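These are my notebook entries on how the parts of one structure meet.

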Amino acid sequence: MKKNLSLLFAAAFVFLSLSACGAPREYASDFFAMDTYMSSKTYGTDASGAVKEEAERLESLFSVTDENSEIGVLNVKGSVKASTETVELIEKALEISEKTDGALDITVYPAVKAWGFTTGDYAVPSPERIEELRALTDYEKVDIDGDTVSVPEGFMIDLGAVAKGYLGDRVRVILKDSGITSAIADLGGNIVTVGDKPDGSPWRVAIRDPNGDGSVGVIEVTDKCVVTSGGYERYFTDENGVKRWHIIDPATAQPADGGLLSATVIGEGCVLCDGLSTAIFVMGAEKAKALWQSEGGFEMILVTKAGEVLVTDGIKDSFFLDGGSGYELKVIG
Amino acid sequence: MIRTRTWIVIIAALAVAAAGAILLIRFFGAPGTTAEIVKGGEVLYTIDLDKVTTEYEIEIGDEDGDRNTVTVRPGMICVSSADCPDKICVNTGWASKNHPYPIICMPHELIIRIVGAEGEADAEAG
Amino acid sequence: MAKRIVTDAVLAAVALVLFVIEAQIPPVVPIPGVKLGLANIVTVWALIRIGAPDALGITLVRIALGSIFTGTVPSFVFSLSGGLLAFVAILLLRKLLKEDQIFVAGVIGAIFHNAGQLTAAAIMYGTASVFVWSPVLILSGILTGLFTGLVAQLLAKKIPRSIGARRN
């Protein structure tokens, strides 16, 4: 009898240690790229080197603050012979511009600069200057001829609203090509996921509360990108006490006033999510809802100035509102 | 055959381990501070107790007329009143990170539980 | 044969009385339907002194009648899972126990009775959060098991083996 007992204990011990060894190894890393903090967590295989390399490679192509990058050259010379990635990204951004009636416009950079968001010398431009800036903002004037991109005199491009999304798409390809089936990366606030968590449950992504330090809730996703655009990320308060943020409405060359505090887009294409989140922030809830109904292919979470959290029908069962945040949840769809 | 003395040792060890576990739960508490209010199997509310600044109440009712009043304070949550017959839920007292025992109102299918890492997010967008 | 039926009936009645008494005691943990498990000692006694089939019968009768008298649906389900698990546990382990180790059987029975209740509660209430009560229920299981087990052991010494005895 004693022998049977000790056998039982031995078996239990082995079983327990086996299941502990069964958990896949987690590889985490963080680094600085594209002017922001990025981190990644992969399971089973370590790909942190590849992710960091790609981030730095794309930064050297897209960075608007680097005069040697392709965008940097374009903004100074008016045209540039660009690599396939740059051309591809610009084309995708222009597509989004068309879908959103210009709410996203990569040529809005001169306006962003004029308000001081690139230097920190915040200022409210004069009405005359604003008119000038409006004339300099028109995505339709971006010309792509083969691998040459050109813009009219005085125009400048900034891929900031879509670059991290492009990186996100590339990261997912890199990770999946390495055989990774479970991963999550935070690319300067753009959340990119591969598959589910190692235990099979979906990734839980918190949505930042524009009004405070916490979150408005958590969205469960599998293999999707989650991108949030919000005025709270960068803003200054002018002499009249009005909050002026860095997301400029291309139509008015002034900070967007669509009635939203933040817009989160969830979908499979990271560039789409990135670009749309900016566009939707500018458009406001009504136009965003119309776009969602006619286009599809993404879901969204909107935090409005009126204290509501609007979620689209497709994610109503995977979004969990934080009861303590004080927002009212509404499903739009 | 196992000697009586051996049995006593086993039982005593088990008792000590259990007591230790109770103290650990009291000391370290749950891995998180998020409370979930579950009614009829559906999570109605998720509340991060650490982010609560003032006391407030939530009324939970349904078409059958069942009523439970949940009181939320910084770091803790309880059922302050209920119209069920046994009032076990009300007598359970406050649940918190260091007292992470679930509050159950069986007749009303209401459960308030403190969830650990489950309730926390893996990343934050924005 | 008649002697056997009478013995079993008496034991079932004792179990029932214990069950009803403990129903008046406030619950040890605030999980609706979870009980201390005093009546289990009769199952223990029957398994060690009489035999498995009788013990099973007595236990089932106690659970059925006891729940009709005092219980709610959850407490019936919990009594059933707790009682059966305790029964199986002692059935398997009784070969390890000597005559004067009935108190050990009491402890084992009580712990497994609580384990059964807790598992049933997790399933019925649909939340694993109840398992956080395990250490408390192990401790209370040890204490009630010791108490009832020692009483049973004392009685075992006083009551001659000839009464109802059959070990199979």
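**Entry 1: a sheet in chain B**

I looked up Glu57(B) and found that its bridge partner in β4(B) is Thr71(B). The model is predicted, so I note its limits: local features need pLDDT of at least 70, side-chain atom pairs count only at pLDDT 80 or more, totals for chains, interfaces and linings use all residues, and side-chain values use heavy atoms, with hydrogens and water left out. Residues are numbered from 1 along each chain as its sequence is written, while chains are lettered from A and ligands numbered from 1 in the order in which they are written.

β3(B) pairs with strand β4 (residues 67-73) of chain B in the antiparallel sense, over six bridges. Strands here are DSSP runs of E of at least two residues, helices are runs of H or I of at least four, and both are numbered from the N terminus. Two strands pair if DSSP finds at least two bridges between them.

**Entry 2: the domains of chain B**

The domain assignment gives chain B domain 1 (1-29) and domain 2 (31-117); such bounds come from an automatic or database assignment. I found 31 Å between the centres of domain 1 of chain B and domain 2 of chain B, taken over C-alpha atoms. Five residues of domain 1 of chain B are in contact with six of domain 2 of chain B, contact meaning heavy atoms within 4.5 Å.

Domain 1 of chain B and domain 2 of chain B bury about 440 Å² between them, 44% of it on carbon and sulfur atoms. Buried area is the accessible area (1.4 Å probe) that two parts lose on being put together, summed over both. In domain 1 of chain B, Ile25(B), Arg26(B) and Gly29(B) lose the most area to domain 2 of chain B, together 78% of what that side buries.

**Entry 3: chain A against chain B**

Which residues form the salt bridge between chain A and chain B? I found Asp122(B) and Lys197(A), with the closest N and O atoms 3.0 Å apart. The rule asks for a side-chain nitrogen of Lys or Arg within 4 Å of a carboxyl oxygen of Asp or Glu, and the count between chain A and chain B is one.

Chain A brings 26 residues into contact with 16 of chain B. The area buried between chain A and chain B is about 1,500 Å², and carbon and sulfur atoms give 51% of it.

I also traced a pairing across the two chains: β8(A) and strand β9 (residues 123-125) of chain B pair in the parallel sense over three bridges. Ala206(A) stands opposite Glu124(B) in β9(B).

**Entry 4: chain C against chain B**

The contact takes 28 residues from chain C and 23 from chain B. About 2,300 Å² is buried between chain C and chain B, with 81% from carbon and sulfur atoms. Pro30(C), Pro32(C) and Val132(C) supply 20% of the area that chain C buries against chain B, more than any other three residues. I counted zero salt bridges between chain C and chain B.
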